[in-house]
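User: Hello! I am new to this structure and would like to go through it step by step. Could you help me get my bearings?

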Amino acid sequence: MNVDWPWPWLPRNVDKIAEATGEHLYLALLPVLFGLIVSIPLGWAASRWPAVRLVLVPLAGVLYTIPSLALITLVPLLIGTKIIDPLNVQVPLAIYTVALLVRSVTDALLAVPGEVTAAATAVGFRPTKRFLSVELPLAIPVIVAGLRVAVVSAMSLTSVGALIGIGGLGELITEGFKRNNAVEMVVAIALILLIALVLDALLLTVGKLITPWTRARQGANR
Amino acid sequence: MIEFKAVTKKYPDGTVAVDSLDLAVDAGRITVFVGPSGCGKTTSLRMINRMIDPTGGSILLDGKDIRESDPPLLRRGIGYVIQQAGLFPHRTVLDNVSTVPLLTGASRRDARRRAAELLELVGLPAELGKRYPVQLSGGQQQRVGVARALAADPPVLLMDEPFSAVDPIVRDDLQQQLLRLQSDLDKTIVFVTHDIDEAIKLGDKVAVFRVGGRLAQYATPSELLAKPADDFVSSFVGRDRGYRALSFLTADGVPVGPVTTTKVGTKAADAETTDGWVIVVDDENRPLGWLSAELLSTLGTTVTADGLVSGGSLYRVDDGNLRGALDSALSSPAGVGIAVDGDGTVVGGIKADAVIEALAQARKTGEVPA
Amino acid sequence: MDPRTAGGEPVNSALDWLFNPDHWSGPTGIPTRILEHLGYTALTVVIAAAIAVPIGAIIGHTGRGTFLIAGLSNGLRALPELGLLTLLVLLTYVGLLPVVISLVILALPPILAGTYAGVRNVDRAVVDAAQGMGMRGSTVLWKVELPNALPLILGGIRSATLQVIATATIAAYVALGGLGRFVIDGNNAGAGSPDGYPQMAAGAIVIAVLALVVEGVLEVVQRLAVSPGLRNAATRKRTSRIWRKPTPELVGKST
């Protein structure tokens, strides 16, 4: 194919790139945050009541299986948005995040040793405080791991929305493709990749910082 | 016959697992390697089939240095049983046992037939062959492991703590089974355990290792109990050494004295006691229990099988040892042990002091190392 | 293009489009597209498995090269598949090859990770016993480790398959067939057209249903293919590993 590598395109379009990046982050990260917040109570419910677990876990599996292009296309059908509404990308991303994280939260909470919760109750913690001070912190490593996957996937999945005209860096990819502009495409791809990896590393670091006990264990083994 | 010649195993970080081991394993016998954690017993065992190679010295199998053999081929001629059995979860029990025969080229049918024979040999029902390991209990899995090791009829069998992961009752059963098998098969068995009692029970010869991989003592169990080489061995062997040593001495010289018996159904008035006690027997003269003189006086007309004082192990005259004799005397409520013959009929009584006297005699004649 | 906000209308028009017999025949019909889509998927998964299973097995067996597993999984998950696909097509040509190459690249991580995890997770005692009875290294890998690793390997392949089905929807954007065709064509048809949004929505429904059906079929295949002696162990190991970290074979979502 006829490929152009117009490098000057880059400095000339910094504004456009910045705007696309901002839009991309808005499309990708907001739903993940929302999904995280929703998953915690859902995951708690699933860890506590087997009946809930029996419904939620398979449901999460089913939702996760549905390809993103399908969900993005069907959102207008389901909640009546226009085709080019950012919600069309954000709703599926939120759904995927919840589907992924509910499983993580449930398993993490179930993995908290029974003796620990029993000890906490015996010491005098009320259930809510016990959850916030004991069970949730212990579940953090697993949740962070799931969150990392959710964030990285979201950054990549958002670009699919460009196929039906919903913005972000994906639009730079499609525009570059239509105009044979390889530079535009490479810049967009590189940015998505870079930001995803940076966010991944960031979450990993923050996760380790707020769970000093996991680090202590590693130290003792040395 | 397996020979260790100055065998050493040293790891890159400096740890010495086995330190210049010189040892000869007798053919056709069970040799037990025993010792605390980190003494090199398992390492030494695994050097025999080259799962680990020594850093110094050499190991000879029937005079040939094992380093000259291709490890997989060497191993097909050596049976290997490990603690967790290591059965292949994805194959049936029968296919598990058939593994080595198939490896050495037997046909599937022959291998399966042999496998079925072996399952029977280790005391497992034939239907178990179709099951998968996950469906078996721990003890059953261990037996399959032994069957699998014996499938190609190797002259040498290596066993690495094979019975340590099962509960004591199952373990006892498996140990008995091994001894029975060995009496038929006469394999050269090297058995590793951390349990000194298991070592004494099973071993024809026992090698005690100390931490750091050095051999502390290599002797028969009775020598080990009677003459431990140093403080480490004697403390490792544990308490009651003297008493446990008695199980290795035959009770041939112990006199069996006369004892009063009375059959069930005898009139109470006719029953006699000696020193306040009488043994009540059945029609075949087999012991049912003890009856004290006081109990006798409270009885109605006849002696029955009810209300007898049980207790006291029985001493079998034809294959008994001093420990059994002494125990029967000590555990009897009357202070006299009941001696029975091969059919279980009463032949007489054993007194504790008769046992001690026999022991003193054995010392004099040199039967017991002084 | 506005599918109108009320609930009933767009659903009806989408379903009308879906069940219109015209759309079920011919080279642009739904069945054809389904077959094309499954064709791309099958081709990709077979190639990816042929590459990733041996590599994953060897890394798992020898324990060397584990950096490859972790590095590839994380790195490739961050790569936008739309970008990879279109760029590759731009740099080469419009055709099946660049698309399949992109799809294969994206399908490698779950299979690699699943195979590695499967081989690694085989009980060490089983491997020790196999070596101790005189099996050569290659025999141990082939006859003991791989059969026992099968549940996790199949899990990785399943995950990869779902991922490819999802990513293959993009193939339509670079002028190939497959179920993405309906979404792209519908989008291009424009406002108000009966072949506009209704076509998109119909296509989306078919995609979703296909993905779910394939997932269901693979679930059954996985159960059947695994030795009965491993069935309980497989689920036990999967659930016990889940909480430690979401491994790619479970969360391989990239599209």
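Analyst: Happy to. One definition first: two strands pair if DSSP finds at least two bridges between them. Please also keep in mind that this is a predicted model.

User: Thanks! In which order do the three strands of the open sheet in chain B lie?

Analyst: The sheet is open and its pairing is mixed. β14 (315-316) and β16 (346-351) of chain B stand at the edges, each with a single partner strand, so one side of each is left without a neighbour in the sheet. The order in chain B is therefore β14-β15-β16.

User: In which sense do β14(B) and β15 of chain B pair, parallel or antiparallel?

Analyst: Strands of a sheet pair through backbone hydrogen bonds, in one of two senses. In chain B, β15 covers residues 336-340, and two bridges link β15 to β14(B). Across this pair, B:Arg316 stands opposite B:Val340 in β15(B). The sense of the pairing is parallel.

User: Which helix lies across β14, β15 and β16 of chain B?

Analyst: The helix in question spans residues 322-331 of chain B.

User: Now the chains together. Which pair of chains shares the most contacts?

Analyst: Chain A and chain B can be set aside, as they do not touch and their nearest C-alpha atoms are 15 Å apart. Two pairs of chains are in contact. The pair sharing the most contacts is chains A and C.

User: And where chain B touches chain C, which element gives the largest share of the chain B side?

Analyst: This contact takes 20 residues from chain B and 19 residues from chain C. On the chain B side, α2 (71-76), β6 (78-82) and α4 (99-103) each supply at least two residues. The largest share is four residues, and the element that gives them is α2(B).

User: How many residues on that side of chain B are nonpolar?

Analyst: The side of chain B that touches chain C also holds five polar and three charged residues. The nonpolar residues there number 12.

User: Last, chain A: how many helices does it have?

Analyst: Chain A has zero strands, and its pattern along the sequence is α-α-α-α-α-α-α-α-α-α. Its C-alpha atoms fill a box of roughly 70 × 50 × 25 Å along the principal axes. The number of helices in chain A is 10.

User: What percentage of the residues in chain A is buried?

Analyst: A residue is buried if 20 or more other C-beta atoms lie within 10 Å of its own. Chain A has 222 residues, and the buried part of them is 42%.

Methods:
Residues numbered from 1 in each chain as written. Chains lettered and ligands numbered in written order. Predicted model: local features only at pLDDT ≥ 70, side-chain atom pairs only at ≥ 80, totals over all residues. Contact = placed C-beta atoms within 7 Å. Nonpolar A, V, L, I, M, F, W, Y, C, P; charged D, E, K, R; others polar. Axes fitted to C-alpha atoms, helices over the stretch in contact; angles between N-to-C directions. Buried ≥ 20, exposed ≤ 12 C-beta atoms within 10 Å, placed from the backbone.
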